[in-house]
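Hi,

Here is the structure I promised to pass on. Have a look at it first, and then read on for what turned up.

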Amino acid sequence: MIFRQDNSMTWSRLLDLLGEALDSAPDFAHTEDDLTDILLSAEGALEEFDDAAAEGVRAAVRTYARTGEWPELTAEEQTCLRYRLSIAGDYAAFVAEASKNPLLHIGQPEMEEEDLFEWVLCAMWRDYGFPLLRDLIESFARGREGIGDEDTPPGGEEGDAFGEEDEDETN
């Protein structure tokens with residue numbers, strides 16, 4: 001079992017748990033191109049893709065929380081799990097850092113590790129994680145299709161919203 005039974009849960013600990021889970025999770029079975037094709041195939045297609053994998057992903061998260069091992073997953077479940085872990089890790093990293101600022105009044109979680117792990121990967125997913133995934137895939141689709149001239153920042157310069165060029169284009 002990867003989870004501790006004491007009450008010392010912190011956002012940083014959640015970030016560590018999510019990192020361990022991501023490291024041991026099966027690789028992506030679908031590429032961003034695959035998901036972009038799904039997104040562009042019909043209205044709601046990406047939601048249908050995620051919905052079809054949701055119960056298997058929830059079951060896998062529960063299994064991992066109990067055993068520390070990922071069960072066998074379909075290609076769709078593998079892909080959805082990896083995205084959930086990645087987005088949840090970004091969320092946990094943000095909250096862990098923000099919780100260090102006393103002016104923000106962000107307390108530490110008052111849940112058992114296993115429950116918080118499942119909440120961030122399952123309960124929070126549809127309202128917060130999935131919209132981020134959809135936005136990422138839509139952004140990728142615009143870039144792949146050459147769409148997005150209307151998204152050029154003021155001044156017509158490529159780069160961030162402040163007109164500065166992005167120095168690290170690998171992200």
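Three helices, H3 (45-67), H4 and H6, each put at least two residues into the lining of the largest cavity. Keep in mind throughout that this is a predicted model. The residues around that cavity are Leu35, Leu46, Phe49, Asp50, Thr79, Cys80, Tyr83, Phe130 and Leu133. Sorted by class, the lining comes out as seven nonpolar residues, one polar and one charged. As for volume, the largest cavity holds about 40 Å³ of space. With a threshold of 30 Å³ or more, the count is one cavity.

Which way do H3 and H4 run relative to each other, roughly parallel or roughly perpendicular? Their axes cross at roughly 75° and come within 8 Å. That angle makes H3 roughly perpendicular to H4, because angles of 65 to 115 degrees fall in that class. On the H3 side, the contact is made by Phe49, Asp50, Ala53, Ala54, Gly56, Val57 and Val61; on the H4 side, by Glu76, Glu77, Thr79, Cys80, Leu81 and Arg84. By class, this contact has seven nonpolar, two polar and four charged residues. Some names come back from the cavity: Phe49, Asp50, Thr79 and Cys80 are among the lining residues, and they are also part of the contact between H3 and H4.

Next, H4 (residues 75-98) against H6 (residues 125-145): these two pack at an angle of about 105°, and their axes are 10 Å apart. So H4 is roughly perpendicular to H6. H4 brings Tyr83, Arg84 and Ile87 to the contact, while H6 brings Trp125, Gly129, Leu132, Leu133 and Ile137. The tally here is six nonpolar residues, one polar and one charged. Tyr83 and Leu133 take part in this contact and are also found in the cavity lining. Arg84 of H4 is worth a click as well: Arg84 takes part in the contact with H6 and in the one with H3.

Zooming out to the whole chain, there are six helices and zero strands, so the order of elements from the N terminus is simply α-α-α-α-α-α. Of the 171 residues, 36% count as buried. As for contacts between residues at least 6 apart in sequence, 74% of them join residues at least 24 apart.

Cheers

Notes
Residues are numbered from 1 along each chain as its sequence is written. This is a predicted model: local features need pLDDT of at least 70, side-chain atom pairs count only at pLDDT 80 or more; totals for chains, interfaces and linings use all residues. Side-chain values use heavy atoms; hydrogens and water are left out. Axes are lines fitted to C-alpha atoms, for helices over the stretch in contact, and angles run from 0 to 180 degrees between N-to-C directions. Helices (H or I, at least four residues) and strands (E, at least two) are DSSP runs, numbered from the N terminus. Angles under 35 degrees count as roughly parallel, over 145 as roughly antiparallel, 65 to 115 as roughly perpendicular and the rest as oblique. Contact means heavy atoms within 4.5 Å. Ala, Val, Leu, Ile, Met, Phe, Trp, Tyr, Cys and Pro count as nonpolar, Asp, Glu, Lys and Arg as charged, and the others, Gly among them, as polar. On a 1 Å grid over the protein atoms alone, a cavity is a set of points where a 1.4 Å probe fits but cannot get out, and a pocket is an open set with protein on both sides within 12 Å along at least five of seven lines; lining residues have an atom within 4 Å of a point. Grid points are joined across faces, edges and corners, and a volume is the space filled by probe spheres set on the points. Buried means under 20% relative accessible area, exposed over 50%, partly exposed in between (1.4 Å probe, protein chains only).
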